Amino acid sequence: MIKITDVKKVYKSKDGDVTALKSINLNIEQGDIYGIIGPSGAGKSTLIRIINLLEEPSSGNVLIDGVDLTSLSKGELREERKEIGMIFQNFNLMNNSTVSQNIAFPMEISHIDKNVIKDRLDELLDMVGLKDKENVYPAKLSGGQKQRVGIARALANKPKILLCDEPTSALDPVTTKSILELLKDINEKLNITIVLITHQMEVIKTICNKTAVIENGLIVEEGLTQDILANPSSETLKQFLS
Ligand SMILES: Nc1ncnc2c1ncn2[C@@H]1O[C@H](COP(=O)(O)OP(=O)(O)O)[C@@H](O)[C@H]1O
Ligand SMILES: [Mg+2]
């Protein structure tokens, strides 16, 4: 469902070029919880932002269900992006908006009918367990609750893919566990494909059915999580496991 072929990314700056991704090939299937693990600076955020073209690849292709995102017009890309939700390490909530307003925002900009938004809000608040927080502002929420808002907002337009950029890196271990359970639940109940980048082995072990290891802008190993954990070949993965 997500096919990345020979993607390269070079950031140009006046201090010179930075090659963030050298040549990335990935095949992510419908229903996967696909983990990408690597150290800081390996290119993880760049890679996940390329999947919804928040970052444009310097070369290569990104196909979602056979549609090459790099070939779309701005308008077509905007439509295609509704199929792809995203959550972030630092939640990226609008602090001057309530929980409900944050979650409703993507539906409002998609011009969804007010009554439909209201019903959908109820459903989403219920799904992430924040029914009693709808009128609360983010400053009054714990980290885990903020991430739940982020998840509800990402699911508002019923995407088929959820991209997660270090979703639990700002959370304590107990909260991490509960957010990972929620993501697993969403994957199973809504049949949403999840791509998750992390530097936490715990995340990979807990929910990812497949895993790729990224190092210096290259995927150095990939496969079923159980297989690569049983038989790690890269230095990076051996280090994460030790
Ligand atoms: N906007 C940017 N401009 C220039 N260099 C960048 C930019 N974003 C990331 N980089 C560089 O690209 C490399 C990969 O970064 P990133 O994708 O953020 O890695 P990770 O998320 O694994 O820490 C790093 O060397 C980083 O400094
Ligand atoms: Mg990053």
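**Contacts along the chain**

I started with how far the contacts reach along the sequence. In this predicted model, 66% of the contacts with a separation of 6 or more are between residues 24 or more positions apart. I also looked up burial, and 36% of the 242 residues count as buried.

**Overall dimensions**

Next I checked the radius of gyration. A compact globule of 242 residues would come out near 18 Å, and the protein has 18 Å, so the two agree. I then took the spans of the C-alpha trace along its principal axes, and I noted about 50 × 45 × 35 Å. For secondary structure I wrote down nine helices and ten strands.

In what order do the strands of the six-stranded open sheet stand? I read 6-7-8-3-9-10, with mixed pairing. Strand 6 (84–88) and strand 10 (218–224) are the edges; each has a single partner strand, so one side of each is left without a neighbour in the sheet. The twist from one strand to the next averages 15°.

Strand 3, residues 33–37, runs parallel to strand 8, residues 193–198, and five bridges join them.

**Thr 193**

I stayed in strand 8 and looked at Thr 193, which lies there. Is Thr 193 buried or exposed? I found 21 C-beta neighbours inside 10 Å, and the cut-off for buried is 20 or more, so Thr 193 counts as buried.

Then I asked which residues Thr 193 touches, leaving out those up to four places away in sequence. My list has Met 1, Ile 28, Gln 30, Gly 31, Asp 32, Lys 160 and Ile 161. I followed up on Asp 32: it is 161 residues from Thr 193 in sequence, yet the two are 5.3 Å apart in space, C-alpha to C-alpha.

I moved on to the start of the chain. Strand 1 and strand 2 form a hairpin, with two residues between them. Their pairing is antiparallel and covers nine bridges. I checked a couple of positions: Lys 9 has Leu 21 in strand 2 as its bridge partner, and Val 10 stands opposite Thr 19 in strand 2. A reminder to myself: side chains in a regular strand alternate between the two faces of the sheet.

Strand 1 also pairs with strand 4, residues 59–64; the two run antiparallel and are joined by five bridges. Here I noted Thr 5, whose bridge partner in strand 4 is Asn 61.

**Around ligand 1**

Last, I looked up which residues are around ligand 1. I got Tyr 11, Ser 13, Val 18, Ala 20, Gly 38, Ser 40, Gly 41, Ala 42, Gly 43, Lys 44, Ser 45 and Thr 46. Strand 1 (2–13), strand 2 (16–28) and helix 1 (44–51) are the elements that each give two or more residues to this shell. Which element gives the most to the shell? That is helix 1, with three residues. I counted four nonpolar, seven polar and one charged residues around ligand 1.

Terms used:
Residues are numbered from 1 along each chain as its sequence is written. Chains are lettered from A and ligands numbered from 1 in the order in which they are written. This is a predicted model: local features need pLDDT of at least 70, side-chain atom pairs count only at pLDDT 80 or more; totals for chains, interfaces and linings use all residues. Two strands pair if DSSP finds at least two bridges between them. Helices (H or I, at least four residues) and strands (E, at least two) are DSSP runs, numbered from the N terminus. Axes are lines fitted to C-alpha atoms, for helices over the stretch in contact, and angles run from 0 to 180 degrees between N-to-C directions. A residue is near a molecule or strand if its C-beta atom, placed from the backbone, lies within 6 Å of it. Ala, Val, Leu, Ile, Met, Phe, Trp, Tyr, Cys and Pro count as nonpolar, Asp, Glu, Lys and Arg as charged, and the others, Gly among them, as polar. The radius of gyration is taken over C-alpha atoms; the globule rule is 2.2 Å times the number of residues to the power 0.38. A residue is buried if 20 or more other C-beta atoms lie within 10 Å of its own, exposed if 12 or fewer, and partly exposed in between; C-beta atoms are placed from the backbone. Two residues are in contact if their C-beta atoms, placed from the backbone, lie within 7 Å.
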